[in-house]
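Please open the structure in a viewer and keep the selection panel at hand.

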Amino acid sequence: MKADPISLLTSLGHAVTSRLDRLGLAARFAFAVFRVLGVVFLRFGLIIRELYFSGVRSLSIVIVSGLFVGMVLAVQGYEVLQRYGSTEALGVIVALSLVRELGPVVSALLFAGRASSAVTAEIGLMRATDQLAAMDMMAVDPLARVIAPRFLAAIFSLPLLAALFSAAGVCGAWIIGVKLIGIDDGAFWSQMQASVDVRIDIVNGVLKSIVFGVAVGLISVFEGFFAVPTAEGVSTATTRTVVTSSLAVLLLDLVLTVMMFRGLN
Amino acid sequence: MSERQEIIRIENVRFAYGERPILDDLSLTIRRGEIVAIMGASGGGKTTLLGLIGGRLTPSTGRVFIEDQNVPALSKSALYALRRRIGMLFQFGALFTDLSVFENVAFPYREQTDLSEDMIRTLVLMKLEAVGLRGAAQLMPSELSGGMARRVALARAVTLDPSIMLYDEPFTGLDPISVGIIGRLIKRLNAALGMTSIIVTHDLNETLRLADRVVVLSAGKVYCDLAPDDIRVSTDPFIRQFADGLPDGPVPFHYPARDYVGDLLAS
Amino acid sequence: MNRSQFDLAVGAFVALGILALLFLALKVGNLAGFDTGTAYVIEARFDNIGGLKVRAPVKSAGVVVGRVESISLDGETYEAVARLRISSAFRFSKDTIAIILTSGLLGEQYIGLESGGIPEYLAEGDRVMKTQSAMVLEKLISQFLFNKAAETPGQTK
């Protein structure tokens, strides 16, 4: 009978080394993708096509979610603020929460679930049916033709989606706060405008989206490209994309938030 | 018989998937214009050999020469330049599922040439006509039968008039009519375009009709390299088991196991 | 879907996104506000800046005329040094007073400028001569208690 501590250590060691291995593979893959980016811009049609499938197709879920999140923020925010008689600050807290955090983060999470998983499944399926190998044998680089456009689509889509999420959220909050609850319309907007700074809040929110786009884009194409070429392999890769992307977005959000918003006092 | 020129030379190649050795000191020479069939037991390295010739796999030792270029040593751009003169038909066609039949065949023209749309249209229709599928040009790959898909893939593979064609199990999973069609197309295209064809296959009957040479792999090496007629009359037990489809022989029926009665009686 | 339909959809998507960004910048944020235009920096020293923060507004008669650019401590005089970035559209006389005020009762602190009468104006690098520090709540309370105690002698505890 095997000594348990030994086999435990072995499997632990193996788990760590296999993850490091994969991380190394991912890094080399990322470099390879970046190297072909220049060439890909010449094939703008490919990028537009992927922008449609990843970005445009995510519009409805992002806008509707933004609307609902804004509404919930308004309800919750009002409930707390009215205890201190500061309900005219509702616009402020809703706008700052959305523009700084919820817009970039939630839209990235939604994108990871909807668009990125589809990209991983698509690329994984192309791998499983030898389409990538066939392209390679026809002397067309799959990295340039299949992978890079999808990666770029994520980077371009996310800032736009985040802005749409935040805008929808503010509108949702306005509907609840001003129209339904009865907060003063003028105070709602003027307080908001006094507190939301374009450079600090909005631009930083956009920067966050771009970083999320790079992370989510890379993860989705990587998992698809290296998926095991079977049905379970593609399915595993797809769920891995969603999980890893979500975790990456949240982790990066923490890092970026500390970097960007810590020194404001 | 005229001395044909050597076009592919495989020298002392070894290849392993991790721990498992697949090819062991294998050497093979293929001459221009030949149709060579590669046969052997499943998992015996046939597809690996195609991968080595096409440059998708790198041998651990040995060299693979195509027209005097050592494939594993080529840079990416040199490899891509070489691949423009090689066509490959994958096992199930590997058509791009998001493109129509027409677009699939047009793909190499669009990617590798600067031809006008009219020119491309003409060429694509000609290639489709050669495989008998010009009428199916607007269909999507999902609407095609297995045999049709493979014919489209064949049309796509020969678009740039390659000098070497690689076929990975072109007959597997097809009805007898389709097998006959593909077989005839392979032979005709090889002659018409002056190509050299390497076919990895299990289908002995069709192979014997097509090929100039039959190379049988076993244990990672070339077991024999004969003309079809010699295969038919061979008395070698391994070749006979292969040719006649015998269940037991040098390739055993039973997976290695314990004694039968002992296994049944064990509680 | 052909190429032109993709282009249309993506174009609409990008346009929508840019509109959202503009909405955020103009209606939600304060882009139409201050940061554009030329400005000059003046200095104001206080004994106590209270809760004043960098980027707090500088107002005159309640109108935003600038922002606090930086806050530091003078190592020798132990005064708080606030550098104020004022829009070039406004001039303040050399005898302007700078006061730290609070918006509302418990709100954010800002600097209020009350211009004086001298016809010479503050320029880049000048110092505001008269300042009034922030009111610190603890000092107010202890002052109040002290005054109260002084008013009613003989009844101290």
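Contact here means heavy atoms within 4.5 Å. By that rule, the contact between the two chains to select, A and C, takes 32 residues from chain A and 25 residues from chain C. The model is predicted: local features need pLDDT of at least 70, side-chain atom pairs count only at pLDDT 80 or more, and totals for chains, interfaces and linings use all residues. Residues are numbered from 1 along each chain as its sequence is written, chains are lettered from A in the order in which they are written, and side-chain values use heavy atoms, with hydrogens and water left out.

Buried area is the accessible area (1.4 Å probe) that two parts lose on being put together, summed over both. Chains A and C bury about 2500 Å² between them, 76% of it on carbon and sulfur atoms.

Of its 58 residues, Met192(A), Phe13(C) and Val28(C) touch the most other members. Centre on Met192(A): beyond its neighbours within four places in sequence, its contacts are Gly91(A), Val92(A), Ala95(A), Val170(A), Ala187(A) and Val28(C).

Finally, move to chain B, where Leu95(B), Ile120(B), Leu133(B) and Leu154(B) are among the members of a second, separate core of 36 residues.

Key
Core = buried A, V, L, I, M, F, W, Y, C linked by side-chain atoms within 4.5 Å. Buried < 20%, exposed > 50% of the residue type's maximum accessible area, 1.4 Å probe, protein only.
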